[in-house]
Amino acid sequence: MTLKQCYDLLEGDYEDVLGRMRKEALVEKFALKFLNDSSYESLQQGLAAKDQQIAFRAAHTIKGVAQNLGFTKLYETSGHLADVLRREWSEEAFPLARQVEAAYQKTIAAIKAYQEGCAHEKP
Amino acid sequence: MLYKSGEVCYDNADFGEEKEVMFLPGAKKVKYKILIADDSEMNRSILADMLENEYEILEAKNGKQALEVIQTYQHDLSLVLLDIVMPEMDGFEVLNEMNCRGYISDIPVIMISAESSASHVERAYELGVVDFISRPFDALIVRRRVDNTILLYAKQKKLMDLAARQIYEKERQSRLMIEILSHVVEFRNCESGLHIRRVRLLTELLLRHMTKRPDGYRFSLQEIATISTASALHDIGKIAIPETILNKPGRLTDAEFAVMQTHTQIGAKMLDDLPVHQEDPLIKAAYEICRWHHERYDGGGYPDKLKGDEIPISAQIVALADVYDALTSDRVYKKAIPHKMAVQMIQDGKCGIFNPMLISCFMEVADTLKVQLENDAVAEDPHRLRGVVEELLKREELPASARTLRLLEHERMKYDFIAALTGDIQFEYTTVPSMLTLSYTAANRLGLPEVIMDPEHNENLLAFVPQREREQFFAVFQSTTPARPEAKYDCMLGLEGNERWYHVIFRTIWSEEGPQWCTGLIGKAIDIHDARMKTNNLEHMASIDQLTGLLNHASAKKQVNARMAEHPAGNYALAIFDLDHFKLANDTFGHQFGDQVLIQTAQQLCRCIRSDDIAARVGGDEYLLFLEYKTDPEPTIRRIFSSLGGKYKDFLVAVSFGVALTETVGADYDALFQAADKALYTVKRNGGGHYRFFDGVMHDTFSVISPIEEAVERGKK
């Protein structure tokens, strides 16, 4: 699998991110690094505790990271969630959070698939 | 706090003159430091990746950490990249703090954010942000913005530095000129040469103090500088007074006095006649001072008989300073009067009538006055330099000149470097705000931040300082006073199970004015663990027998003597015993086997004696035992005797005991030892395997004690 295919799979914009970061190696490095990013866990904790502050910050962070990495779908969904939670707690968060979750799982799955693909190519 | 350093150095071609200022070795290679403050590690590392080739990157994961880094590096930071949404403290709060602490004008801040609503942007610009970088990051744009901003600020800093240096030079030269000029007068006057300087210093002190008083005049720092500089010129009119009058030892006649008085008008006229600079505040102040520094508050002075506040305050102050210095100095017509008496005379109105507010002001500074004047006379005018620096700092809008800050930074580098060499933990603490600063290397080694706010409640720090050491520290800390601010003591610091010995030296710092209170402390903790352990170990090594771990003969003797000296009334038994046929064991089974027998015997001995009995190995296979008894030592000796011996492998170990009692031979170690030795010899002569008390009749001079050296040598192998 190529990195471009990975981006297609997670509904991201590969050309955009490559244009900004200039090097494929950098894009790959940070995409793989995203697997270790803990913001999504913070988001889940914030949502479970209905803690507006934590949930908003986490959604906002995911949005920022996703935007930087060109994960368009994740960027959009987390952006909506962050907007809803910006001022105060809102029950509207839950349906939006499910969209974030779907996008997040898709993103992680695509990156993992790409990572495994790499592992097979370079035994 | 992550700490990365870029490899590539900034091209310095644009800063040719900078070299003069940056005197640090290798300073040509400047790596500008950039702080990236963002709560997302991903976002920080993306930015770091884009910038780390050119810059040294510091990172902070929240606003609080960002402020700590800013506080630590201050103007050494070339740029802050600041996120808005962060935990602990958000970007706007950081900006607010940077404004309060005055960093914002020197350290450029670029906001990194996807928050692009107009209100956000406007608020950020109002708080002093210079630029925005919005997400998603574009490597080229990030680099350009950062480069441009840093370049711009570096140039501004360079200009500030140049300006500061010029002001410094100008101030220095004009002071020098004034000093030379006023010395011309002093020279003719045959005065000490210190009069002008003292009057100026005293004038400045009075001005400063007056400004602090609620009822006093308010002088700006600039006015204080101008008036105290002008005070140096108060007697320039004396240049026109004939030397015969000026230096007449006796009392002046009325006519002579009238001539003398004209120095005020002459001085004023000299200034008035200056073709240029009439509007200069310095000239105006000097005019007032020259003309009216002999007026009296009650109108009884000269030349214009001004009264009360008709006399300019500058002239009033210089008049008082002049009187005080005249009283306390030798003159052709009089001897110096002691400080206290001079103060009293001025207070009592014996040396002129002054503004009562001025007198009370004078009384308030009188105590520190003497010390300050003396210090000034001894040290080569540090005061003047300080004055200049202060003026520089208060000049215009020049916020603490870049040069000063670089000097500070240089000091900090030296401090860190020396600390790194010695491995000491250097620390500095301020009470308000409660903040502990550790030297860079120490912080790194301990895994603590360099700056710790509220250290009393910082768990990471407290983990290094056990409770008992905290108590000791506070006790030592409480014992310091402004007169004795230094303290030192030894203590154990470190994480539990990893404590090490440190020698702690510190000095408390006290406020300079008013009721003294402790503003903080500085000090260092020197790691003395290895040295201390070595000493302990050597002491221990020197006192034991290496093969068996029992005491050796010398230390046993020492301890026995100490015990008998401590309780001379006690009854003691000293026993010497050896192993029967030990030579046979060595010869038959080898020396290693023999050593094992010796070790086993020592272990058996340790098991059957009390903790305060003294046991030692005093010869090849001879042991010594020293114990206290109440009435009859025999049962104890029998018990111990029968616990020893038995089989070691195939060798049957049997012991022979010789015992001497203090009741019989007295409390003398050598006598006890010899007696026990003799008793043992008797037992051996009768075939061994027994114990026997010395009874005073065994007069044989033979000894059973064999040399230990050989056994020790073997024990080492």
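In which sense do strand β7 and strand β8 of chain B pair, and over how many bridges? I looked this up first in the model, which is predicted. Strand β7 (residues 425–430) and strand β8 (residues 435–438) of chain B pair in the antiparallel sense, over four bridges. I noted one residue of this pair of strands: B:F427 stands opposite B:L438 in β8(B).

Next I looked at the sheet. I found an open sheet of six strands in chain B, in the order β9-β8-β7-β12-β11-β10, with antiparallel pairing. At its edges stand β9 (451–453) and β10 (486–493) of chain B; each has a single partner strand, so one side of each has no neighbour in the sheet. From one strand to the next, the twist averages 20 degrees.

I then turned to the contact between the chains. Chain A gives 18 residues to the contact and chain B gives 14 residues. On the side of chain A that touches chain B, α2 (14–21), α3 (24–33) and α5 (52–69) of chain A each supply at least two residues. The largest share of that side, eight residues, comes from α5(A). Sorted by class, the side of chain A that touches chain B has five nonpolar, seven polar and six charged residues.

Last, I followed α5(A) to helix α6 (residues 72–85) of chain A. The two axes come within 8 Å and cross at roughly 150 degrees. The angle is over 145, and α5(A) and α6(A) are therefore roughly antiparallel to each other. The crossing in which α5(A) passes α6(A) is left-handed. Residues making the contact include A:F56 and A:I62 of α5(A), and A:L74 and A:L81 of α6(A). By class, I recorded 10 nonpolar, five polar and one charged residues in the contact of α5(A) with α6(A).

Notes:
Residues are numbered from 1 along each chain as its sequence is written. Chains are lettered from A and ligands numbered from 1 in the order in which they are written. This is a predicted model: local features need pLDDT of at least 70, side-chain atom pairs count only at pLDDT 80 or more; totals for chains, interfaces and linings use all residues. Two residues are in contact if their C-beta atoms, placed from the backbone, lie within 7 Å. Ala, Val, Leu, Ile, Met, Phe, Trp, Tyr, Cys and Pro count as nonpolar, Asp, Glu, Lys and Arg as charged, and the others, Gly among them, as polar. Axes are lines fitted to C-alpha atoms, for helices over the stretch in contact, and angles run from 0 to 180 degrees between N-to-C directions. Angles under 35 degrees count as roughly parallel, over 145 as roughly antiparallel, 65 to 115 as roughly perpendicular and the rest as oblique. A crossing is left-handed if the near helix is turned anticlockwise from the far one by less than a right angle, and right-handed if clockwise. Two strands pair if DSSP finds at least two bridges between them.
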